[in-house]
Every structure is written in C-alpha cells, then in structure tokens.
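Please walk through this two-part model with the viewer open.

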Amino acid sequence: MAEQELGVRNVAPGGKWDAKAEAFSGKIGIVGKLLLVILLAFAVFGAYAIISAPLDLGWQVLFASICLLVALALNRVQGRLISIGLMVFSTLLSARYIYWRLTASLDYSDPQYNWVDVLFAIGLIAAELYAFAVLLMGYLQTLWPLQRTPVAMPGNLDIWPSVDVMIPTLNEPLGVMRSTIIAALDMDWPRDRIKVMVLDDGKRDEIRAMCDELGALYVRRPDNKHAKAGNINHALKFSKAEFVAIFDCDHVPTRSFLQVTMGWFLKDKKLSMLQTPHHFFSPDPFERNLGTFRQVPNEGELFYGLLQDGNDLWNATFFCGSCAVIRRTALEEVGGIAVETVTEDAHTSLKMQREGWNTAYINLPQAAGRATESLAGHIKQRIRWARGMAQIFRIDNPMLGAGLTLAQRLCYLNSMMYFFLGLPRIVFLTAPLAFLIFDARIIVAPALVFAAYALPHLIHAQMTHSRLQGPYRYSFWAEVYETILSVYILFPTLLALISPKLGKFNVTAKGTSRSKNFFDSKIALPYIVLLVLNLIGFFVGLTKLFGQFGENADSIILNLLWTGYNVVILGVCTAVAWEQREVRKTVRITAELPATVRFADGTEMPVRTVDLSEGGVMVRLPKALTVPLGTRIEVALLPGKEAVWTEADITRSAGSVLAMKFAPMSLQQERQLVYAIFGRADAWLHWADRRADDRVGSSFKKLFSLGLGSAKKAFTSAKG
Amino acid sequence: MMIRNKRNWLRTPALAGISAFWSALAAVAASGSASAQLPAAPAGASSDSAVTELAGRREFTLKDIGASQPVRLRGIEHQINFPVAIRGDEIVTGARLHLRYAHSPALVFEWSHITVLVNDEVVGNVQLKPETVDGGEQVIDIDPRTLVGYSKLGLRAVLHYTRDCEDPAHTTLWSVIANDSRLVLDVERVPLPNDLANLPAPFFDAHDSSRLVLPFVLPAEPSAEELESAAIVASWFGAMAEYRGAEFPVHLGRLPASGNAVAVATRERLGPALAVGSAHGAQLAVINNPDDESGKVLVVTGDDATSLHAAARALTLASGTLTGRSTQIANLTVPALREAYDAPRWVPTDRPVKLSERVGAEQLQVRGQYPDAIRVPWDLPPDLFYWRSKGAKFDIGYRYTPTPGTKSTLDLDVNNQFARALPLLMYDAPQKLDEKLKKKLEIPLVAKREQYRVPVYKFASDNELKWQYNFEIRKKGECEDVPEAYLRGSIDADSTIDLSGLPHYSYLPDLKLFTDGAFPFSKYADLSQTVAVLPTKPSAEEATTFLNVMGHIGDATGYPTTRIRVSDASGLNGANKDADLLVFGTPASQPLYSQWAELLPATLSEKGSRLQLVGGIERLRARFEGRDLDGAREHATKIIVEAGDKLATIMSFESPLSSKRTVVAFAALSGERLQALSTLLGDPGRRHFVGGDLTVLNVDKVSHYELAPQYSVGKLPLLLGIRWWFAQQPLMLAVMAVLLAAFSALLLYRLMRNLAISRNEGRS
C-alpha cells in the first residue's frame, strides 16, 4: 500500500524554520556539549527570573505585550520548531501566573477576610493548579506527534503470522453486527491464518445462526463475569493465533486493516499492541443536535488525531478496546485483559508496558463505527471511562510501581487526570459568582494586576492550543465537551478514588423515542441550573456596576466578562440537549466511487457514486437522463476484475443524478456493498479534508450563535 | 516622645542602670498626654531652652523633660511623674515650679486639687477654684535638698464632681497642665576631684539632658595621629551623648577661657599649660583648667602615634579601669578588627534576638488603668534589603491581669505604624483549666506566647517598637466602680524578634543612610575601612566639623572610631585608596574639590557655584526611572544662587580611587558654614532633610537632590539577585523569555526529532 496515498495529516507542516532546526540536530562535539551545559545553566536561571521576577502593573503589561506580539508573529510561521517554541513560551507565562497567584494573591491573613473567602479561594486555586498541571502534561504529550507510518508486509506469505479477530458483543442488534462480521471475514490476509470469532455474551441463537451463515466462529460462555474483559479472556482459551485483533461489534474494519497494522509487529518484536483510531461515520449527539456534523471536529478527534499520536512518541499509546491488534504472548504475560477496572483496555496496556512491552499507534482510520446516538448514551459511556480511569489511578497509579519511564508515567497520568476535570470545571463555572453574588474575595489582588498576569497565561495557552489542536478540536470546544461531562463524572471519579468499587452511576435518557425532536430536560438540568445562576450573577453584577458609582468597577467588569463567557458555554451545553430526530435509519456515506449501471435493455454506463448506504446508492451519470421511478436496474459497485451486480429500484431521477434502493441481496452482493462502503483502505482518510482551519474568533462566534440559538429555541418552545 | 530612651551600649552596671532610669522616667512622662487644652509650648523652644550655665540658674519646661504635649490628668486620681536629674558637679540651692494649669468647671472645688510631689513627698498643693477654670498659674517652692541626682517630679490630680457616688471615669474629671510649666533651679558648682575614676564626668554627665558641648584642644597644626586620637575620643562622647547631641568646638593651640575641655596632643606639643609630668608613653590625666578654677581638662597624650592612639583607646574602651589624676597606659596592643555589621548599637540580624538583650526587664512592665506604652528601641543596619521579605518573626510572650470584658487589647506599633493587636481575654490561662473552674476563678494573671510576622516595610534603620496595653474600663454602676489600679501588663524579656536572612544590599550614594546610620562608614564600627581627608593644615572650624561628624558616627554605631585614618589629599595612596572617604574643607583648603571637580554633584566657588552637567544617557535613564531630573536641577540651581557665599553642601559619590567605595564630602565656602553642616546631623528637626547625593544648606534651609546615578553595594543571594535585577528590567525579562523559548525549542526539536527517528526504527 502506497504511503503517500494514505497521506498523514501534519500537525503543522514543516517549513523553512524546521529545515534550519535540522542543522542543529546532528552530532555535537565536546565544545558543543560544554556550550550546551552553560546555556542550560543560563536557561535555568532565566526561567527562574521569568517565573518569579515581580513587575509592577505597568511593567507587567509592557512585558506581556511584548511576549504576545512576539508569539503572534512567530505563530505565522509553520513548522514544529515554532510549535515547540510557543509551548515553551506558554509554559513560562503560565508558570509565571501560577507563581504570582501562589505568592501574591492568597494573603488571607488580614482579619477582614472570612472563611467564605478562604473557602472559595482554596477552591479556585486548587482548580487552577489542576488546570496548570494538565496544561503542562498536555504539552508533554503533544510535543512531537510521532505520525508513525505502516510497515509493509514481507513478500513471502509464509512468514505472515496468524491472527484471530475477536468481536465481543452483549446486546447490540444483529443488523449492526452483520457488516462488521462480513468486513472482518473479508480482510486481506491468508485465509488459513485468520479466524473471526464472535464472542456473544448475549447468548443469542440468531447470532450463532448468522455466524454459521457467514463463516465466523461463535463463542459463548457460561457466565458474564468481568463483562467484555472476561469475554475476551474466555475466548483466548479457544484461540491459538499469535495475534488477536479486537473490534467492537459496531466497528467495521477495512480490508486493509491487518496489512496496515501487522507490519510493525514483525519489525518490532517487543511490540505488544498497536492501536488505530476509532472513526465514526455517523454524527455524535453534539454533531447531530448542534448541526455541526463534519463542520466541527468531534470530541474524539483530539484524542485519536493528536494525543494518541503524541503518546506514541513516548511509547505510551494505550489500548482503547477496539480497532487494535495485540500480541498474544504479551497479553498472556499480564494474565489476559485486565479485569480489575471498568476501563480494561487502558489498564491492560499499562500492565503490558510495565512489563517492558512497547505499544504503537497508526493514525490511519482502518475501521469505522456508529457514534453514540443520544446525549445520555454519550454521557453514560464517558462516566464509565472516567470511573475506570479513576480506578486505575487509585489501584495501579502510573506514577508508582516499576517498569515505566517518566514520560510514560506522565502520559498515562494525564489521561487519567483529564477525567478529574469535574470539580475544577464547576469551580471555574461558579467562581465569578462567588464574587458577584456573595462578595467573596476569591483573589486578593487588584483586578487589573490579576488581569495583567492571568491574560498572558490564558491567551498564550489558547493560541498554542489552537495551533497544535486546531485540526482536531476548534478553539473553546473543549470547554463545551468538558462542561457537559463535568457534572456527571464528578461523583463517579471521586467515589472511585475513595474506593474503586464505588461510583457506579447510571444515566438514563428521557424515555422518548428518537422519532421526533425533544428536549432532554433530565440530562440538561445541571446545565440549566448553572446557566440560571450565571445569568443571575451577570445581572447582579450589572446592577452593582451601575449602582455603586464605579466602585470596584475593574473587578466587577472582569467577573462580568468571565460570567458572560460561562453563559455562552453553558448555553451551548444546553443546546446539545435538544435531541434531534434521526433522519434516516441507515447512515449515508458521501463517497465518489466508480460504478457501473446496467439498464434493463442491457446498456451499461460507467457512473460515479455521490453517496451510498446499506439501503441504496446515488450516482451521477455522465449525461442527463430521466429514468422513471421504480424502474429496476442493476448496479455494480467498484467493478474490478469481475463486477458484482446488484438489483436496485430507482427512487429519484433528476438531471444526471440517479438514486436507487437496493433489492434484497445475496451474501456475495452484500459483501461487495460492505466493501464499497466500509472496506476500502482509504474509506475514511479524507473525512476532514473539506473542513476549515481553526480560527479563534470564528470558533467563538459559532459557539455564541449556538448558545443564542438554544436560548431562542427555549423561548419559542416555552411559548409553544 | 522627646527623650528617646534609646540605647545603653556601655555595659558597666552603673551606667546601664542610669540609662534604664532615664528610660523608665521618660516613659512615665510620655503618658497622659491626650488633647491639648492649653496652648502647647512653641515648637523649637524645646531642647535649646535647657541651656547649661556654668553655675547659677537652670530652667526646664515640662516639655524638656518629657511632656511633648500638655499633660492631661483625668479620673478621680491620676499621677504622672517626670524625671529631674542634677549633674554630679552641681548642687541645688533653690527650686521653684511655675505651674500653669486649667481644669474642668464642673468640679466640687473644695475637694479637688493638684498635688506636687518630689520623690513621692508632697512639696505643695494647688487648690482648684472656679477662677482658675480657664487657666491658673502658681509658683510652688520646692525644698532644694530633695533634688539630688535622679529625682522624680510628680503631679497628681485629685478630682471630684459630686459628693455622692462617683463614676471614676466620668468625663468631667479632667485637668490639664501646660507643658511649658517651668522648673527653675538655682545651682552651685561643686567641682569634682581630679580623678579619672569619675570619667566620663565631669566632661559628660548622663544626668544632664542638654546638648553636650565639649571643646577640644589641639596643637596649632594638628598632625594626623592627633586628629585620629581626637576623633576616637569625640566619637566616644558622641556615642554617650545619644539623643542629646554633641558638639566638639576645636581650639587650636589655646585653651578655652572657661569650662571643661579635652586636650589631645603628643607630649612635646602639649605646651606648658597642660604639662602633665615627665612620664613617657601613653598617658591620660585630668587637670584643672588653668584659666578657670571650676573647669577641668582631660589630657590625652603620648610620645608618638602609637602611644597617642593607645591613650585614646584606653580612654574609650577601658575607662572603667582608670583611676587617679593621671595614669600611664601600659597596654599598647591594638584591639582586633571589628567584623562587618557588629556595631553595638545595631541589633544582630544573623539570629533571633531577645528583648532582654536590648532593654532591662523593668522597662517591659506597666501598670494602671491607663498604662504607659512599653517602648523598645530596635536599631538595624541601614543597608538591610527588605524587598520581598516575608517579614520579621516575632515570638512574643506577654502577661496581663485579665479584665472581665472582651475589649482589652495589646497593640503593637512599629515606628508609630500600627502592626498588630492581640485580644486580652479573661480566661486564657496558661494551663488547661476545667471550664467550670475557670468561671469560678478570678485568674490573677494570664501568660501567653504568640508567633507572628510583622511586615518589614514598617522597619527602617532607627526603629521603635511600642507595645500598648489597653485595658477595658468596666462599667458596674454608681458607687460600684473602682479604678482598676491593680491592672498590670508586661512583655516577657525572653521574647525574640528574628530578622535573620535579610541580605545587606543598598544603593549609594544616599546621604539618608549616612544621616540615619553613618552608612557606609559604620559597616565596620571601628571605621577600619574609612579615611578622613582633611586639609593639610585644617582650620579650627574644619577640625570641629570633622570631630562633630565623628561624634555623629559614634552615636550611630555606639563604638569609638578606633581605626579611623586621617590623611590629606596627598596621602590618598596605597592602602588609603581602597577605603570609604570622608572629605572636609573649603574649595580653598581642600585640593580634592578641584581634582575631582568632574565627579562632584556641585562645584563650589566664590565666583559662583554650579551644578555638575548631566549627560544625555543619564537624562534618559532618569526619565525611565521616573525621576524629574530637570526639575530637581532647576530647584537646586535656584537654592545655590540664593545661598551665595553662605552655600554649604554635603555631597556623596562613588570614589574614583576604588569602585563601590563611597565619598561623603562636607564642602562650604567658609569654615563657619562648614561647621553649620556638621551640627545639622545632630539636629533632630532638620536631619530628615538630608539625603540624596547632594544636600544643600542655604542660610538655614536644607534641601536634597538625587542627580547622579546610583551604584549598588553589598551582595544579594543569587536567586534573589536575579529576581531583583529582572524586576527592574521588564524589557530584559521579555528578551530573556524569547531567548529561552528559542533555545528550548531548538534543544527540544533536536531531542524529539532524534527520539522520533529511533521510535520509527522500531527501537525503544
């Protein structure tokens, strides 16, 4: 498979400056080493000065302005050198802010401050320290996304190893699984060395029947102990292959999956696990309810697009439960899939890495699935992740124990720390209210001085994040994703910290069918409460601003801006709870593929598809042609050496566009359709090609209008 | 507070006791001064009014002996004491108190009176009458025999407003005694025997709270060693004089017509009038002033520089061991060099210091419903660097009689700035008592200890810590109120204050540091790093100025300037180059002023004095630092022109002979004006106006300017130094940030790239 065809997207494409930096990457002599040591010493003292040297308000503003101008100018230059430089810059200014916060804004010794002030202040500074730690670890994680490319399989087929493809399932509908099993069976691999195993904890006979029909191995176990982990461990007893590929039953692999991934296992004998991204071809609740599908990167893209790739540099990529291959010996060394926590996947890779095994990540979507359908489902899934990560943090903390490098520990730690965002996020959403409503002095410093120290920290972090994460997450969207989760993962994570057994927590959606639009007020309640509180705070602040004749105006304005920002974010969160009706049963994939149509009279015509789904296809004819509705024709998708013809009925004909519905298919026809939709190696590669670059301003504008739209909807529905 | 109960550097028990006596009385006298009902004595008529006369009459106002404000006596009975001290060589033959007073009109007059006491014996009474409500005056004769040595003048008011039950805190119970009320004494001189054992009396008598004026007699053309020895003696007297101030008018080659004097000369230059026998070597003697029966002359002499110095050192460092009319000093060894910052006057800053090291325990106790403040002097080296310091660690134990209420407090002021208040609660017993028991017991005394930090911005070089007990007055109702005279409060003598860890770092030139703490010369208390540059043949005024400055330095350090070097301009070579310099003289007599004309902030000349020109870079820098250089120059020029030939200046700049060394120059157009500069240093009213790198005295107005760039002396710890430097340099901080980001980016790029290559090759 040609690598250039796959085209790995750059974090920030290299430029002239990176080329120059390459000149510094060769061998250095003794003089160079000596110079380096001296410079390092200077750098340490310089960093100390930048972090700790106190400046008066005016001079801090001057200093911050110069830093900002330099950073803005540098940000125009492409390349990783500048990315790293901006990370350093941002780290320095944030550290400077935190140092200032800790040393100059927490003096509560004056008796005028009471315990309310101190309580809010402790909450805020703890939240800020958390955010600072996560910021630093995030920079470490994304310092150099590895962007590993696949290793070609050797020409000699005899040395290709055997692989068992495992598809665990519990209660997913049959239809969802069928494509997965078909696609797994059709993966390009020597037939005698691949086995597809369907591990059914649902103990359904219809699944057994389907497996028999399709040629997959059906595995059922007597109990359901340890859920998915136990299911796989049970199946391992019946599997002898050197490698295990694991897919969730709704993750449909491409035919090329094994060829793309297996090469690395042959090259690196210590490689235990290779993960590929989880790609979703259907909109998640955010995308569907906000109408941003394929316009704004979804929640998972940052993780699979950047963080796992960044982890890979540090040999700290972890297993995500699906779309991955595991070396059997490594898995057996740690006693199979981990069963101690509810995130068995991450925990398993942590255990393997502690034994000295490597992990790898290839950032090429080689499988695709359906996103969670409802917001409630989405939250439920995240609660499980959060709780599981907190459990690992509690019982097998990556900072402790043997076998890991410091960078590995920090990368794992950050993945866990992320899920402790609940409390800090709520603190940030309410901190200005403490001042506006309760008059609590949460920061003992003049508002302008606070702004002069805090804004550089915020602006540089925002700018750097936009540069690094832009393609995978638009500015400020993290706030939305995190705010949605914060309320719900707060208690599960805290409880899991107290005792790993605690913290089971169930979220149920409002029991309305997906057939019509509705507002999931049950899920949205916490955001509505926070939103109302912020609005109250905002108006109390406004009255204070105008009622106190400008007294404390700077503090009030600062807190009003903060509250206003919170209102926008909470508005968007509330908007996500407007569950939108699902337009169609099957997902329609936009893809321009070669196909041939054959009319009843036998004339064949080469066409290009516009989109296709499991139910039908729309094609563009070379010339305008009107076909009566209901006409039965034949279509061959991806006609290679031999075409597979499928009957279809015309459902629409307009100009050169022809839409048709498939007639009931044979297995062979079905396999061809699955191949056309899901099985192509490049099926998901160009998914985000037409998306605009991240722009801080327009991203905020987008959020603002979404929040406003939500308010409008609430207003009209209240009226209605 | 007029009498600053400052310091007792002399460790001899007798003197320490005397000093404590003064302090205690002074503290007593300072109380009871609330609002002024009678006009206060005019400012400026203070210390100077207590002029020493050889014999005859002495007059003190209450203001001179401690009442900075009119004395307010309130309540049914209230007494305030003032210290009165009689010189050891005087006896009182007659004494009168001219009392001016006023009082409340709402009194029962036959029961209300003011009693005058001396040493707690009644010497007179003043009956309060309706006629004296708006002010009365009465002369009270005092038995002169009661006034010997240290005495206590007491004023007690007994006031009543009703014949029935009284509220002792009733607001009508007040009387005020003017602080210009005078105590007039007729004195007679009783000369002391000529005995070195009396030293420092009669040349300095601690009983005498007036300014010390002690003439020095030097040969007509004093040599360097004679000037050095005179300086040692002058600084010793200056240190003892403390708050009184000291002047040492120099008589070249002649004795003063009357009174006491100190003569310093090598033996062959003493002259016949001061011949003290044919002894050899270092010698000290007390003889009669040949021109005045009652005057004494202290003769300090020796054969050569070594023995003359030894005589001066013996006088100043071992005066307690001297006896007889005359004594030979056998021990010629030079005492070891003093360490930096070990001046006895300064509180050590390398360890926690107990209060008992600085004041006596008796000064830490007070009593009464309205107790006096507890005052502790806490002088510090002037160059302490307080920036970003966490504060001084106070570990203070205190005891008090608990009052039933909850509003009693113990307040701490540092330099009259409020620093901390502690509540004095009823049941804070030292041991844990059963709650019920606590309520039954009237605990007679509560002892507590607390640790806290006091922000260092409240500190200067010359500090006073003041603890004030405020006892709540408990209202019980008529006929039940009792003045709570049993109330007591104290600060534990083993309480400590810790200023350790503060670096020594300051920016010079800054004449403020010189007036406040004689810095940088005082860094080594023996002045081993100082050279005084006098004209080759100094005039009497120039020598006087020099000795007055030495007196000032002695006062600042509490130690005689035993290693001062005196030189003329031509002697500034060799070891003398690497020293801080004190320069004295007029443009005519001091050649350094023309040699260093470029460096001086101002050039003095009969034809017209002018300021030094300032370069463009310096102007830019001043603008950047926010100093109005042009405004200052304009003002200074005006003052200089106004002053004409009365111009006198103190200037300070970095020594051209050695970097980081400081020159302080006293320059005037005439000797008389030069001398005026040195008296300025001892004048508490005007010394605040000395500062900057140029202080100008025109006729009697003092103003100061910062015209030249400063340089730093001292050393900061590395990390603090980095922060301090960058805190002044926001631009450099930004440049640093960019450079650091660039360097780190290149380094990380290299590391990450190589790591990525190795990962992509399948190595781990």
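This is a predicted model: local features need pLDDT of at least 70, side-chain atom pairs count only at pLDDT 80 or more; totals for chains, interfaces and linings use all residues.

Strand β15 of chain B covers residues 261–266. Strands (E, at least two residues) and helices (H or I, at least four) are DSSP runs, numbered from the N terminus. Six bridges join β15(B) to β17 (residues 292–302) of chain B, and the two run parallel. Two strands pair if DSSP finds at least two bridges between them. On β12 (residues 216–218) of chain B, two bridges reach β15(B), again in parallel. Here B:V217 stands opposite B:A263. β15(B) is mostly covered, with five of its six residues buried. A residue is buried if 20 or more other C-beta atoms, placed from the backbone, lie within 10 Å of its own, exposed if 12 or fewer, and partly exposed in between.

Now take chain B as a whole. Its secondary structure comes to twelve helices and 39 strands. Of its 764 residues, 43% are buried. Among its contacts between residues at least 6 apart in sequence, 79% join residues at least 24 apart. A contact means that two C-beta atoms, placed from the backbone, lie within 7 Å.

Chain A has 23 helices and 19 strands. Buried residues make up 48% of its 720. Its C-alpha trace spans about 90 × 75 × 55 Å along the principal axes. A compact globule of 720 residues would have a radius of gyration near 27 Å, and the 28 Å of chain A agrees. That radius is taken over C-alpha atoms, and the globule rule is 2.2 Å times the number of residues to the power 0.38.

Chain A also holds an open sheet of three strands, in the order β5-β10-β7, with mixed pairing. Its edge strands are β5 (251–253) and β7 (279–280), each pairing on one side only. Two bridges join β7(A) to β10 (residues 367–369), and these strands run parallel. In β10(A), A:A368 is the bridge partner of A:H279.

Next, the interior. A nonpolar core is a set of buried Ala, Val, Leu, Ile, Met, Phe, Trp, Tyr and Cys residues joined through C-beta atoms within 7 Å. The largest has 198 residues; A:V165, A:I167, A:M197 and B:A737 have the most contacts inside it. Helix α5 (residues 80–104) of chain A gives the most to this core, with twelve residues. Apart from it lies another core of 133 residues, including B:V264 and B:I374.

Finally, the contact between the chains. Chain B brings 30 residues and chain A 38. On the chain B side, α11 (718–727) and α12 (730–760) each supply at least two residues. α12(B) gives the most, with 23. Facing them is helix α3 (residues 30–52) of chain A, whose buried residues pack against α5 of chain A together with α11 and α12 of chain B. Those buried residues are A:G46, A:A49 and A:I50.

Conventions:
Residues are numbered from 1 along each chain as its sequence is written. Chains are lettered from A and ligands numbered from 1 in the order in which they are written. The expected span of a helix is 1.5 Å times one less than its number of residues.
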